[in-house]
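Here are a few notes to read alongside the model. Please take them in order, with the structure open next to you.

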Amino acid sequence: MQELNNSSSESAQQFRNLQTELRERWGAIEDFDSGDCDIIVIPSLSLDQQEMLKIEGAYHYEERHLFSLIRLRNPRTRLIYITSEPLHPMIVDYYLQLLPGIPFSHARDRLLLFCAYDASAKSLTQKILDRPRLMERIRQAVRPTKSYMVCYNSTPLERELSVKLGIPLWASDPDLLYWGTKSGSRQIFKECGVPCPDGSELVWNAEELAEAAAQLWERQPHLQRMVIKLNEGFSGEGNAILDLKPLAGKAPTERAKAIGDSFHNLRFQSTGETWENFSSRIPELGAIAEAFIEGEKKFSPSVQGRIVPSGEVEILSTHDQILGGPDGQIFLGCRFPADESYRIALQELGWKVGQNLAKKGALERFGVDFLAVKQSDGKWDLQAIEINLRKGGTTHPFMALKLLTNGRYERTTGLFYSQQGRPKYYVASDNLKKERYRGLLPNDLMDIIADNQLHFDTGTETGSVFHLMGCLSEFGKLGLTSIGNSQQEAEEMYNKVVKVLDRETSY
């Protein structure tokens, strides 16, 4: 055991040394984004595998990072992209043809695709680690002193891969993962003075959860509902709603038992979830109870930022999230930018969180989800809900906008401007999903895009770009980002795509 601990400690130190090297090498963010480098993209969703089973076509989410291919517009950048299963050649061609001003063949020569040929439920990073020869091919393909790895989320698996390849990972050390959990987020909000809903401490069994919920109710006697959350849920799939109205007549001394008895009646946000399964995860993942924020006019905005190698915090974007599920807890898509009436306040709260994370040693992307409720005086009450210490559902649409237009985000207005100085807007979704879309191949989608002029027009810098195309045939599910010069134009473009797809699959 001592030998194992020493090995683990040595590996952790090697990882920290690599990250120090990363910070020293790319202290200037301009060099980091546009320098001569090899970028290894590990689009693995290294999340709890039982939670991932709730997402249809989960391993196709590896395709969400294909917008990284647009980085090949820099003629000195090489990209190494690794997937579980081979990518359809037409999907790769689709992204390369979005590149402005770069010959297709020039970009293709600087793109190296590797594949594990493994469609199992294991995370992609684990699949790579299980294949020493694949790792050796990756190692031989890159220039070690000019390389770094990027990933969807950073776990001990990504840390191990970084050390074995000898390539620094531009992401937070997995030792900081706690700050991206529900309970860790709440702790940071308190440290920063960022408002958040009242809630419980982290608990590890159903009895403690019932007691914590009863204490929360006692502090907040007017509560109508609570949200019960697994500490490490994904896209709201680990959330459930506890309705307190049927328990309203219970005396305070009876409430913990009454709440425990009513857990079987929780309204789960994930289809097919049961209390038996949900409760079995609590000893493993932990859970919290949190006040449900009521309100007639209520939105779910989020703010995204990144911590660059120098330690500076940049605000990247704000969004209004499009949510679904029984109680609006499941992430479906987003609109950029967030509502004008609160987007600047949102940025400032996000910046406070980013500063706190930077002091803790975090790197790269982070996002903060909020609830915005309009008050009787017309002002907005912003309550922070959770931190995502990883890339999220808003990362790839914004990456598409930035890389396609080569524009800039202006923090003073919260708007994004193209090189022509035009403000840009978009609507995006990972869940354009209908039964009738099943059976459409990537080739079919390309035909539909061409026939109906649904492509992105580099001249007007408007149009639609697609992702998750590998999901389409089996699951009838597609990702889409529609970019316009106004929110209305973006909505119209999005709706046009839906209308065309419906018409083309009306057989």
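1. For charges, Lys and Arg count as positive and Asp and Glu as negative, while His and the chain ends are not counted; the place of a charge is NZ of Lys, CZ of Arg, CG of Asp or CD of Glu. The chain carries 59 positive and 68 negative side chains, and the centres of the two sets are 3 Å apart.

2. A word on the source: this is a predicted model, where local features need pLDDT of at least 70, side-chain atom pairs count only at pLDDT 80 or more, and totals for chains, interfaces and linings use all residues. Residues are numbered from 1 along each chain as its sequence is written, and side-chain values use heavy atoms, with hydrogens and water left out.

3. Of the 507 residues in the chain, 58% are buried (under 20% relative accessible area; exposed is over 50%, partly exposed in between; 1.4 Å probe, protein chains only).

4. The whole structure holds 29 salt bridges (a side-chain nitrogen of Lys or Arg within 4 Å of a carboxyl oxygen of Asp or Glu). Lys229 and Glu290 form one of them, at 2.8 Å from N to O. This pair links strand β5 (residues 225–230) with strand β8 (residues 287–291), 61 residues apart; strands are DSSP runs of E, at least two residues, numbered from the N terminus. Lys229 is buried at 2% relative accessible area, and Glu290 is buried at 2%.

5. Do look at Asp36 and Lys146 too, which meet in a salt bridge of 2.9 Å, N to O. Asp36 is partly exposed at 26%, and Lys146 is partly exposed at 32%. Shared partners join Asp36, Asp38, Arg78, Arg143 and Lys146 into one salt-bridge network.

Note on methods
Helix = DSSP H or I, 4+ residues; strand = E, 2+ residues; numbered from the N terminus.
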